[in-house]
Amino acid sequence: MSEATDRPADDDAWAKACAEDLEAEKARRRAEYGPPTGSAAEELRKLVDAVADKVASLRSPLFGAAAQGAVQQVIKQAKAAVEPVIERNPDVFDHIAAAGGELLAAYRSAVEGQERRWTQGAADPGGASKKAGDPTDPRDDDSGPGEHIDLD
């Protein structure tokens, strides 16, 4: 008999080892990258707080005491409006963030496609693309302000 068959089998050994490895990897990532980001609702709350703190810290002689008081009032109203929405619908912000990511990916795709067409040359109405040295190509127009320099 082998040594593996002599010992009683621990059914949860694999699960325990996986859980330990997962916790070790989470700890390593926290040490390397910092704490993970929260939900979109938590991030929005942090953003509102950060903006409020930054605006509150701006003390400019251009703003009078009345203007600073008005700014503080607007900040309080914005927080009062945002907090109930975040509390009632935290998942909505996750969906909005995901939709924003999808819109950004679609925009990037469209821009990359357009850039590809620009760099390959524009097609004329007949369907043939203009070739380098074509006298009708506006990119070859030498009417610019530069002058010819003879390097001989």
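**Entry 1. Contacts along the chain**

I looked first at how far apart in sequence the contacting residues lie. Among contacts between residues at least 6 apart in sequence, 45% join residues at least 24 apart. I note here that the model is a predicted one.

**Entry 2. Elements and burial**

I then went through the secondary structure of the chain, which comes to 5 helices and 0 strands. Read from the N terminus on, the order of elements is α-α-α-α-α. I also looked up burial: of the 152 residues of the chain, 6% count as buried.

**Entry 3. Helix 2**

I took up helix 2, which covers residues 13–33 and has 21 residues. From its first C-alpha to its last, helix 2 reaches 30 Å, close to the 30 Å expected at 1.5 Å a residue. I checked what comes after helix 2 and found G34, whose phi is positive, near 90 degrees.

**Entry 4. Helix 3 against helix 5**

I asked at what angle the axes of helix 3 and helix 5 cross. Helix 3 spans residues 40–57 and helix 5 spans residues 90–120; their axes come within 7 Å and cross at roughly 90 degrees. Angles of 65 to 115 degrees count as roughly perpendicular, and the two helices are therefore roughly perpendicular to each other.

I next listed the residues that make this contact. Helix 3 contributes A40, A41 and L44, while helix 5 contributes P90, F93, D94 and A97. Sorted by class, the contact of helix 3 with helix 5 has 6 nonpolar residues, no polar ones and 1 charged residue.

**Entry 5. Salt bridges: the count and a network**

I turned to the salt bridges, of which the structure holds 7. I recorded one network of salt bridges, linking E25, R28, R29 and E32.

I examined the pair K46 and E43, whose side chains meet in a salt bridge with an N to O distance of 3.5 Å. Why are K46 and E43 separated by about one helical turn? The two residues are 3 residues apart in helix 3, and this spacing accounts for the separation of about one turn. The general rule is that an α-helix has 3.6 residues a turn, so residues three or four places apart point the same way.

I looked up the accessibility of both partners. K46 is partly exposed, with a relative accessible area of 49%, and E43 also counts as partly exposed, at 31% relative accessibility.

Which residue forms a salt bridge with R45? I found E83, with the closest N and O atoms of the pair 3.2 Å apart. R45 lies in helix 3 and E83 in helix 4, residues 65–88, so this pair ties together parts that are 38 residues apart in sequence. R45 is partly exposed at a relative accessible area of 23%, and E83 is partly exposed at 27%.

I then inspected D49, which forms a salt bridge with K79; the closest N and O atoms are 3.4 Å apart. Because D49 lies in helix 3 and K79 in helix 4, the pair ties together parts that are 30 residues apart in sequence. I noted that D49 is partly exposed, with a relative accessible area of 30%, and that K79 counts as partly exposed at 29% relative accessibility.

I close with helix 3. Its contact with helix 5 includes A40, A41 and L44. In helix 3, R45 is paired with E83 of helix 4, and D49 is paired with K79 of helix 4.

Note on methods: Residues are numbered from 1 along each chain as its sequence is written. This is a predicted model: local features need pLDDT of at least 70, side-chain atom pairs count only at pLDDT 80 or more; totals for chains, interfaces and linings use all residues. Side-chain values use heavy atoms; hydrogens and water are left out. Axes are lines fitted to C-alpha atoms, for helices over the stretch in contact, and angles run from 0 to 180 degrees between N-to-C directions. Helices (H or I, at least four residues) and strands (E, at least two) are DSSP runs, numbered from the N terminus. Angles under 35 degrees count as roughly parallel, over 145 as roughly antiparallel, 65 to 115 as roughly perpendicular and the rest as oblique. Contact means heavy atoms within 4.5 Å. Ala, Val, Leu, Ile, Met, Phe, Trp, Tyr, Cys and Pro count as nonpolar, Asp, Glu, Lys and Arg as charged, and the others, Gly among them, as polar. The expected span of a helix is 1.5 Å times one less than its number of residues. A salt bridge is a side-chain nitrogen of Lys or Arg within 4 Å of a carboxyl oxygen of Asp or Glu. Buried means under 20% relative accessible area, exposed over 50%, partly exposed in between (1.4 Å probe, protein chains only).
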